[in-house]
Amino acid sequence: MSDRSAAGRKAWITRRSPVYRARKTARASQRLLEAWAKAHGWLHAKMPEKYRNLTEYVLLLPDMFVLVTRLMKDRRVPAKSKTILTLVLSYLVLPLDIIPDFVPGLGALDDFVIVVYALNRVLISTPPEVVARHWSGKEDILKTVQDALAAIDEVMSKSVLKKLSGLLKRRSGR
């Protein structure tokens, strides 16, 4: 019995060591990268040809969701911008979507388009350093939003984009 408790104690001490933690973190990071690559491949395969150049941007949606929630809490963000962010967050959270989320490849596309257009409106009235401070992604958020808008303009219908832009302008009071 004492051999078991000594072995258990040794295993417990080993699990608490910095080397063990570093190895465990490295394995978790590797699994995360593999999952990311698998998700990217799956999304790219499911995405219709017309929308494939948006794959990289759609995968930024979780980071953009975090950015929206952080900006809503920041006092330096104007009230009109917070109204837009509240509407966007409501759209993301509520189960009613233009394109249902269960549609493979396209489910997140409508969420992404709405978030990008809303962030573009928010960036007009919010200092860039405030937005950059809350961004958790690797890329520059200002450049990412501009590039995403350009990619969306290439593939989306102009009438749909005009309606969405008009809706956001009316909601923001501009």
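This is a predicted model: local features need pLDDT of at least 70, side-chain atom pairs count only at pLDDT 80 or more; totals for chains, interfaces and linings use all residues.

Student: Okay. How many helices and strands are in the chain?

Tutor: The chain has 9 helices and 0 strands. Read from the N terminus, the elements go α-α-α-α-α-α-α-α-α.

Student: And what share of the residues is buried?

Tutor: Of the 174 residues in the chain, 35% are buried.

Student: How much of the contact list is between residues 24 or more positions apart?

Tutor: Counting contacts with a separation of 6 or more, 67% are between residues 24 or more positions apart.

Student: Let's do helix pairs. At what angle do H4 and H5 pack?

Tutor: About 140°, with the axes of H4 (residues 61-73) and H5 (residues 79-93) 10 Å apart.

Student: Why is that pair called oblique rather than roughly antiparallel?

Tutor: Roughly antiparallel needs an angle over 145 degrees. The H4 and H5 angle is about 140°, so the two helices count as oblique to each other. Their crossing is left-handed.

Student: Which residues meet there?

Tutor: From H4 you have Phe65, Val68, Thr69, Leu71, Met72 and Lys73, and they meet Lys82, Leu85, Thr86, Leu89, Leu92 and Val93 in H5. By class, that contact has 8 nonpolar, 2 polar and 2 charged residues.

Student: Now H4 and H6. What are the crossing angle and the axis distance?

Tutor: The axes of H4 and H6 cross at roughly 40° and come within 11 Å. That makes H4 oblique to H6. The crossing of H4 and H6 is left-handed.

Student: Switching to the core. Which residues touch the most other members of the largest one?

Tutor: Leu71 and Phe112 do, in a nonpolar core of 38 residues. The elements giving two or more residues to this core are helix H3 (55-58), H4, H5, helix H6 (109-125), helix H7 (128-134) and helix H8 (141-155).

Student: Which one gives the largest share?

Tutor: That's H6, with 11 residues.

Student: What is Phe112 in contact with, beyond its sequence neighbours?

Tutor: Leaving out neighbours within four places in sequence, Phe112 is in contact with Tyr57, Val58, Leu61, Met64, Ala148 and Ile152.

Student: I also clicked on Val115. Buried or exposed?

Tutor: Val115 lies in helix H6, and at 1% relative accessibility Val115 counts as buried. Beyond four places in sequence, Val115 is in contact with Leu61, Met64, Val68, Val88 and Leu92.

Student: How far apart are Val115 and Val68, in sequence and in space?

Tutor: They are 47 residues apart in sequence, and their C-alpha atoms are 8.4 Å apart.

Student: What about Thr144, buried or exposed?

Tutor: Thr144 is buried, since its relative accessible area is 5%. Thr144 sits in helix H8. Apart from neighbours within four places in sequence, Thr144 is in contact with Tyr57, Leu60, Met64 and Glu139.

Student: And Lys82, from the H5 side? How does its accessibility class come out?

Tutor: Lys82, in helix H5, has 23% relative accessibility and counts as partly exposed. The C-alpha atoms of Lys82 and Leu71 are separated by 7.6 Å, with the two residues 11 apart along the chain.

Student: Last one: where is Gly137?

Tutor: Gly137 is in the loop between H7 and H8. With 16% relative accessibility, Gly137 counts as buried. Gly137 and Val66 are 71 residues apart along the chain, and their C-alpha atoms are separated by 9.7 Å.

Student: Great, thanks for the tour!

Definitions and conventions. Residues are numbered from 1 along each chain as its sequence is written. Side-chain values use heavy atoms; hydrogens and water are left out. Axes are lines fitted to C-alpha atoms, for helices over the stretch in contact, and angles run from 0 to 180 degrees between N-to-C directions. Helices (H or I, at least four residues) and strands (E, at least two) are DSSP runs, numbered from the N terminus. Angles under 35 degrees count as roughly parallel, over 145 as roughly antiparallel, 65 to 115 as roughly perpendicular and the rest as oblique. A crossing is left-handed if the near helix is turned anticlockwise from the far one by less than a right angle, and right-handed if clockwise. Contact means heavy atoms within 4.5 Å. Ala, Val, Leu, Ile, Met, Phe, Trp, Tyr, Cys and Pro count as nonpolar, Asp, Glu, Lys and Arg as charged, and the others, Gly among them, as polar. A nonpolar core is a set of buried Ala, Val, Leu, Ile, Met, Phe, Trp, Tyr and Cys residues joined through side-chain atoms within 4.5 Å. Buried means under 20% relative accessible area, exposed over 50%, partly exposed in between (1.4 Å probe, protein chains only).
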